[in-house]
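Hi,

Here is the structure I promised to pass on. Have a look at it first, and my notes follow below.

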Amino acid sequence: MPEQKRVPPQITDPTGRTVAANVRRHRERQGLSTYELARKLADAGRPIAASALSKIERGERRVDVGDLVALAVVLDVPPITLLMPSKAHGGVELTGTGGIDGGTGLVSGKRAWAWAQGREPLRYPSGLDEQGRARFLAVWLMAVTPEGPDFDMTTAEGRDAFIAALKAGAWGTEDRTGSDG
């Protein structure tokens, strides 16, 4: 029986394809070969063979979380830069967002980046007025903000510091009411 040629697996989810394209783009931007990138990864303690890097870039090998962070460190970009589409305009496809923008599976690039940067939720509950959206955003920001002494939400001081940061424009927010509360 003749041996059948093995067809390499293809990464078909949008995020996997985006990671593959972004790894290649940032490697090439820095003028690195896959061999040089593999050497840098090995020096950083997360060896990935040059052949495996080529498979990643061709969408034939998945990237696990540890690999993603190591690639981001070695390429000197935030992990989000490898995960998110390189454009912030128009519609972008994210894995698992099927019904967000009218069921198209696309999200505005600006919204996708704001969500990934922890500045705005990907979706708001339906039926909220402007004040309800503002409250939802505040609760969401509290949930996604790293805890620390400045934002200890169990104390009045922490809550006041958080609200002051929101009013000062943290996370791309601003106080549109013109009031102190």
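To start with a question: is E57 buried or exposed? E57 is buried, because its relative accessible area is 9% (buried means under 20%, exposed over 50%, partly exposed in between, with a 1.4 Å probe and protein chains only).

Before the rest, a word on the source. This is a predicted model, in which local features need pLDDT of at least 70 and side-chain atom pairs count only at pLDDT 80 or more, while totals for chains, interfaces and linings use all residues. Residues are numbered from 1 along each chain as its sequence is written, and side-chain values use heavy atoms, with hydrogens and water left out.

Now the salt bridges (a side-chain nitrogen of Lys or Arg within 4 Å of a carboxyl oxygen of Asp or Glu). The structure holds nine of them. In one, E57 pairs with R24, with 3.3 Å between the closest N and O atoms. That pair links distant parts of the chain, 33 residues apart: E57 is in helix α3 and R24 in helix α1 (helices are DSSP runs of H or I with at least four residues, numbered from the N terminus). R24 counts as partly exposed, at 34% relative accessibility. E28 and R27 form another salt bridge, at 3.8 Å between the closest N and O atoms. Shared partners join R24, R27, E28 and E57 into one network.

R62 and D13 also meet through their side chains in a salt bridge (3.0 Å, N to O). Here the partners are 49 residues apart, R62 in the loop between α3 (50–58) and α4 and D13 in the segment before α1.

R62 turns up again at the second largest pocket, where R62, T15, G16, V19 and V63 lie nearest the centre among 14 lining residues. For the terms: on a 1 Å grid over the protein atoms alone, a pocket is an open set of points where a 1.4 Å probe fits, with protein on both sides within 12 Å along at least five of seven lines, and lining residues have an atom within 4 Å of a point. Helix α1 (14–29) and α4 each supply at least two residues of this lining, and α1 gives the most, with four.

D76 is not a glycine, yet has a positive phi of about 55°. Most residues other than glycine have a negative phi. At 68% relative accessibility, D76 counts as exposed.

Best wishes
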